[in-house]
Amino acid sequence: MEIDREWLEIRNEYIDGQALIDEIEHRLKTRQSTDAAELAEIVRGVRERVIGLPLFKFTWEGESFSFWENDCDIVPHYYVIDWRMPILGPINAFIRRLIHAEVKRYLLPALTKQTHFNRQVVQVLDKIVQVQTRE
Amino acid sequence: MQIHQFSATVAYGDAASNHILSVQRMLRELGYQSRIFCDLMPSHFEGQVEPISRYARYSSPDNLLICHFALSYSPVVMSWLRQIPDRKVMIYHNITPDRFFEGIDLVMVKAAQTGRRQLGELSAIMDAGWGVSAYNCAELESLGWRNVDVLPIIFDPARYQIRPACRVLARWKDKFNVLFVGRISPNKCFEDLILTFYELKRSVRPDANLLLVGATSRMQLYMAFLRALVERLDLPDVFFAGHVTNSELIAYYQCADVYLSMSEHEGFCVPLLESAYFGLPVVAYKAAAIPETLGNSGILFTRKDYAAVAELIGLLAERVQWKEQIVAQQRERLQDFTYERIKEQLQHLLSQFLS
């Protein structure tokens, strides 16, 4: 693999930037690096799974609006109860988990209903924008 | 004459907040009466900060109010700024472009959009705009601001003259650690840090650790994505430290071998200066104000080639002499941001403005 000369900017009189690039190139040739496209695919997949996909985007009176799946989803799936303190931490986390489970049992049906409603609103908005664009 | 400061809020450990406190010290040393006013009152600054409702008793056309702008102001603040008769200067810390928050946080998207719109409106309210970098000044000028100047962030070593956290030192000392410091935010491209670390770990330094130090507030979804990516790539040596105390921060710097930045948007980037102070060579993606803050120091790369950056980090770890040369140059650059140097600049800007 070849690295273009402008890739590195190092303005130090004691370090030869060109020699550094040559050394990096040489090392890259002697080892097997992961295909960049493969890594990009991994990131895309994880992103899509966790963050979701964009639903639609439009501009109205100079202001842009973009709606993603998770903007509709108000259930905090990513909420993690963690601890950092060595002894009191696990006890604290255990109590918080109990409280969380109880609150979740109470709130989840309402949040799910609201999420469903939000998605429907976004779908309707999308349709309105499509119709207006056609007109 | 009085010179007061206003900021939407201040927070413990935040670079902009530290800057506000340092500017207040400077103003008082220069003989001005100086107070700090906030819209949202913080919890850790009792006696140091006052609500804007109390500003009326100090307000005067002879006074100067320095307003710090980082994301957006509330409508209440915007109308308050329009009403007060004081002369006004804005210190611009920059707004992260809204596109970075799309899909992550709708509230941040809107706040960033509002902030950018307000930035245009504020040009008619403020008498001058001082960016913390020339990069920020260019943004102000593109929005039609006049009287634009640079007043960089102050680097105050006194802030780091405390004992480092033993717990952090005990865990990370004598290991090969790559460090990044900054709140968890999509513009800082943590996924690229993780991918570079993946290459580093796989082919260059299997013993390496990646230490990511920064608050996660409001960014839980992005954080969940990063954790899932770490899991998918099977990288147990990526450590998210979260928000840390000053003594913990110092310990992380002391344990690190290289500072790596993949960030695509920074208005200034204080951790670059902190790295110089703690003797860490900086390897950074050339974007936004990063090259300006580094001056001619550090190592910049123009394309995110993860494997090549990993090799570069490996080479820096091997060639101690190179590392020392880079750090020496970074420390030289640090002199441009000392308290005394910035105080001179502030004094010059004030005399220019007030005359």
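**Note on the two-chain model**

1. R97(A) counts as exposed, because R97(A) has 11 C-beta neighbours inside 10 Å and the cut-off for exposed is 12 or fewer. The model is predicted. R97(A) sits in helix 4 of chain A, which covers residues 88-134. D82(A) is 15 residues away from R97(A) in sequence. In space, the two C-alpha atoms are 9.6 Å apart.

2. Next, the contact between the chains. Chain A puts in 35 residues and chain B puts in 34 residues. On the chain B side, six elements each supply at least two residues: helix 3 (106-125), helix 6 (190-204), helix 7 (220-232), strand 13 (299-301), helix 11 (306-318) and helix 12 (320-334). Helix 7 of chain B gives the largest share, seven residues. By type, the side of chain B that touches chain A holds 18 nonpolar, eight polar and eight charged residues.

3. Strand 1 of chain A (residues 8-9) is joined to strand 13 of chain B by two bridges. The two strands run antiparallel. Which residue of strand 13 of chain B is the bridge partner of L8(A)? The partner is F301(B).

4. Strand 13 of chain B also pairs with strand 12 of chain B (residues 282-285). Here the sense is parallel, over three bridges. A284(B) stands opposite L300(B) of strand 13.

5. Helix 13 of chain B spans residues 339-354, 16 residues in total. From first C-alpha to last, helix 13 reaches 22 Å. That is close to the 22 Å expected at 1.5 Å a residue.

6. Which residues of helix 13 of chain B are buried? They are I342(B), L346(B) and L350(B). Seen down the axis of helix 13 of chain B, these buried residues fall within an arc of 75°, so they line one face of the helix. The buried residues pack against helix 1 (15-29) of chain B.

7. The other side of helix 13 of chain B is where E340(B), E344(B), H348(B), S351(B) and Q352(B) lie, and these residues are exposed.

How values were computed:
Residues are numbered from 1 along each chain as its sequence is written. Chains are lettered from A and ligands numbered from 1 in the order in which they are written. This is a predicted model: local features need pLDDT of at least 70, side-chain atom pairs count only at pLDDT 80 or more; totals for chains, interfaces and linings use all residues. Two residues are in contact if their C-beta atoms, placed from the backbone, lie within 7 Å. Helices (H or I, at least four residues) and strands (E, at least two) are DSSP runs, numbered from the N terminus. Ala, Val, Leu, Ile, Met, Phe, Trp, Tyr, Cys and Pro count as nonpolar, Asp, Glu, Lys and Arg as charged, and the others, Gly among them, as polar. Two strands pair if DSSP finds at least two bridges between them. The expected span of a helix is 1.5 Å times one less than its number of residues. A residue is buried if 20 or more other C-beta atoms lie within 10 Å of its own, exposed if 12 or fewer, and partly exposed in between; C-beta atoms are placed from the backbone. The arc is that of the directions from the helix axis to the C-beta atoms.
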